[in-house]
Amino acid sequence: MRLRRRRRLFRCLRKSRELSSVQDNTAAIRPDDILLFSTFRNEGARLPYFLKYYRDLGVDHFLFVDNDSDDDTRDLIAEQPDISVWHTTSSYKTSNFGTDWVNYLLRTYGHGHWTLVVDPDEFFVYPFCDTRPLRALTDWLAASSVKSFGAMLLDMYPQGRLDAQHYEPGQNPMEIAAWFDSGNYTLKRNPELGNLWIQGGPRSRMFFADNPEKAPALNKIPLVNWDRRYTYVSSTHMLLPRGLNLVYDETGGEKASGVLLHAKFLDNFSAKASEELTRKQHFYGSVEYRAYLDKLEDGAGPWNEWSEKYINWRQIEILGLMSKGNWA
Amino acid sequence: MSVGIAMLVHTALDRVEQVARHWAAAGCPVALHVDLNVPQDAYDRLEAALADQPMIRFCKRHRCEWGRWGIVAASQSASELLLATFDDIHHVYLVSGSCVPLRPVHELVDYLAERRRTDFIESATTADVPWAKGGLQQERFTLRFPFSWKRQRALFDFYVRFQRRLGLKRTIPDGLVPHMGSQWWCLTRQTLSAILQDPNRTRYDRYFRRVWIPDESYYQTLARRFSSNIESRSLTLSKFDHQGKPHVFYDDHLQLLRRSHCFVGRKIWPHANRLYAAFLNNTGAMNQAEPNPAKIDRVFARAVEQRTRGRPGLYMQSRMPRPGAANAPTSNPYSVFQGFADLFCNFEDWLARTSGTQVHGRLFAPDRVEFAGRASLVNGGLSDSAAKRDYAPETFVTSLIWNTRGERQCFQYGPADKQSAAGFIARDPNAQISVIAGAWAIPLFHSNRNFADLRKRAAKLQKIETEQLKLLRSGEAKAQTRIWSLAEFVDSPMEALQEIVDEIGQTNSRILTEAPTMADLAGFGQFLQNLKNQGMHPHLMGDFPLDEPQVVLPKRPSKPYLVQ
């Protein structure tokens, strides 16, 4: 395992040569700042709300890898003092789906900070997030000697057809994609790295009903008190050293956890899926995206009579998808 | 007359300044102890910022570490400074930098002025404190603890074991009975000065220097020696979680804190701007209420319970009990019926009507999940895909039961179904399993298949059911189980059905008036005999008579006549 961790770290250093700094404001990072890391491509539509959401939560600095966007993404993030940007034209796929790049940035800038690694369509929700800033959570975790915090992906979707409502830049995506599946998730232990392997939700239900083992992983550990010896292994699903993956209790108690609202199913979803399919830069030779397109041709969305409409974190907590643990 | 505030601080010095000014403005002198670990320049800044305040003094600095003597030394220095400098102090209140007065300060002053001789200090003998963490109770006082628990854990543990092995014990100084309690006290000048000016103090101090967590026992023990009137409770609202770590208060606790009527609360999160704003500008109306932290107690007790025990039957990203580790594998009771749907034609409908529960078909049928009404999705978005169910059969059961909390679930099961969750259900105390053994033969009997196939099929089903029954009767089975042989059941079906429906207990217990329709069993005895003649012995159904059985089903009670 140590060897594997070392290899990952070495790899991210090698891959760092693919990154070129476009906008470096990292000198402004103060010692106890909360940092957010993200890799994206052509996210001009979702980025304005994304930045607002995380600034409101109390993220102090954003570190972005721009994978060769050719829309207005670059203009949106230019000349903002709390954003640093690296640009790359290299392949998302050969960089282990961006993990290598982010690992490099984490190692270089994340050491000693609380770091949040999310995609531009993921919105972090944690207990009391409507009344307590992110720093309240990280302070509490630090006082409890907890180094990593789990938040599973919760796929959000609109009622009816995906393209029925148009998403305006700057709009809260959850105004449209307000619905989710509340109770069809499977959990398995990964004996190798100790993390849980969570699958289910609308993507598994619609696109992988016949081969659920192929359904995308929903377990994520996005918030970590970073140390330069740490490394993400596969996206933010799991980490090394393995102890960081133990974000769950095995004796019956509940550790605190959150969710990442995943605003994937918006009206630009089909376009995104087609683009990704031609770029062939995603997991499993893009099986996922092909399945999406096949099923969505006929226009039926993921919504059904058992879908839950998102209200707030307390609702998610009561449904049992996240937990306050002993934070009160 | 006033109350002196001894304030131990080590972080968030901007808040410290704010709170210290608040106390001083209300006429309470403050002695600040700043941890020696705080950098000198930060200390200097704080001192300069408070230079305009004659009521706020800084005492000698000590290095403080959790569980060690430094904290006691700090409170001694602060108390001595207060008692020596301000003559009109009648009580000294020990607070930390993250404590905030929750009520107007004058209410505290009045409260204490009325209780001039009372020492407020939580103080209990070691035998009586269940809340001591770390397993060391009496041993805190009889072993030596020269090593830091936080920084030198290995040495700490080694030295404890070493002393236990050698049977080393310290003698507790004469006249002292070890007591423990919350470290946040409020003592009268008499008691506090008696402790600080005791001729034996050097001896006591030397002893407590090597006691573990002396800040929870030094004053608590010595106050018992000198005080005439101890009220064993802390005026500071301070809650601890299962690890002994103090709970923190945030902006959203404002109402809860207000209603607690406690004088001082800790710990307040340094960035809880609303709390600081609300309580430091709190002039309030006169309020005679006694402190009442019961409601806050409940909130935090629930939180600890959720962390340690969790919600039974819930499996999620941060609760994944190992098999057998948690009390119950599912969240609610449910019923499993085996053989009933084979024996009765309309069993599902009948059961749903009679018991008022949700009745599914064969959830583990090989080709699809037969949800009630054969829906393709049920609560929580659980789908009827057999592949998804078989991918995680146990999770399928736990999810269904969790998703439908509040509505009892019933489903059909049998040897013809997937057996992947059979063991799990048998071990689940929430499962109520009723089995009519051998009823699987009835559909075979009614089917129109070649006898050779039937024979083979019967042998297979019988083998599976035998295994099932063995499991249900074994020691590891925790489910509530009832097993009848088919012959037994057919003999008196209503009694058995009544028993089951009563136990589900959804509707008010009443006498069953309507029976489900039993399948036609004419010739069934002969069918079994034929199987036997072919060398396949169906033994699970018991002794089934060759001729037609007499089934006793109740008639509808006739309408009573009303004679006028």
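View 1. Strand β15 covers residues 258-262 of chain A and is joined to β8(A) by 5 bridges, the two strands running parallel. Strands are DSSP runs of E with at least two residues, helices are runs of H or I with at least four, and both are numbered from the N terminus. Two strands count as paired if DSSP finds at least two bridges between them. The open sheet here has 3 strands in the order β6-β15-β8 (chain A), with mixed pairing. Its edge strands, β6 (122-125) and β8 (151-155) of chain A, each pair on one side only. From one strand to the next the twist averages 30 degrees.

Residues are numbered from 1 along each chain as its sequence is written, while chains are lettered from A and ligands numbered from 1 in the order in which they are written. Because this is a predicted model, local features need pLDDT of at least 70 and side-chain atom pairs count only at pLDDT 80 or more, whereas totals for chains, interfaces and linings use all residues.

**View 2. An open sheet of 7 strands in chain A.** The strand order is β1-β4-β3-β2-β5-β12-β7 (chain A), and the pairing is mixed. At the edges stand β1 (20-23) and β7 (148-149) of chain A; each has a single partner strand, so one side of each lacks a neighbour in the sheet. Within the sheet, 6 bridges join β2 (residues 34-40) to β3 (residues 61-66) of chain A, and these strands run parallel. A:Leu36 is placed opposite A:Phe62 of β3(A). Helix α4(A) packs on the sheet, where it touches β2, β3 and β5 (114-117) of chain A, and its direction makes about 160 degrees with that of β2(A).

**View 3. Helices α1 and α4 of chain A cross.** Two packed helices are described by the angle between their axes and the distance between the axes. The axes of α1 (residues 2-15) and α4 (residues 99-110) of chain A come within 8 Å and cross at roughly 95 degrees. Axes are lines fitted to C-alpha atoms, for helices over the stretch in contact, and angles run from 0 to 180 degrees between N-to-C directions. The helices α1(A) and α4(A) are therefore roughly perpendicular; angles under 35 degrees count as roughly parallel, over 145 as roughly antiparallel, 65 to 115 as roughly perpendicular and the rest as oblique. Among the residues of α1(A) that meet α4(A) are A:Leu9, A:Cys12 and A:Leu13, and their counterparts in α4(A) include A:Trp101 and A:Tyr104. Residues are in contact if their C-beta atoms, placed from the backbone, lie within 7 Å. By class, the contact of α1(A) with α4(A) has 5 nonpolar, 1 polar and 5 charged residues. Ala, Val, Leu, Ile, Met, Phe, Trp, Tyr, Cys and Pro count as nonpolar, Asp, Glu, Lys and Arg as charged, and the others, Gly among them, as polar.

**View 4. Helices α7 and α9 of chain B cross.** The axes of α7 (residues 189-196) and α9 (residues 218-226) of chain B come within 9 Å and cross at roughly 110 degrees. This angle makes α7(B) roughly perpendicular to α9(B). B:Thr191, B:Ala194 and B:Ile195 of α7(B) meet B:Tyr219, B:Leu222, B:Ala223 and B:Phe226 of α9(B). The residues of this contact divide into 6 nonpolar, 1 polar and no charged.

View 5. Strands β13(A) and β14(A) form a hairpin with 3 residues between them, and A:Ser235 in the turn has a positive phi of about 45 degrees. The strands β13 (residues 231-234) and β14 (residues 238-240) of chain A run antiparallel and are joined by 3 bridges. The bridge partner of A:Tyr232 in β14(A) is A:Leu239. A cis peptide bond, with omega about 0 degrees, joins A:Leu240 and A:Pro241. A:Pro241 lies in the loop between β14 and β15 of chain A.

**View 6. Where chain A touches chain B.** The contact takes 48 residues from chain A and 48 residues from chain B. On the side of chain A, α5 (134-143), β10 (185-189) and β11 (196-200) are the elements that give two or more residues. The most come from α5(A), with 5 residues.

How values were computed
Two residues are in contact if their C-beta atoms, placed from the backbone, lie within 7 Å.
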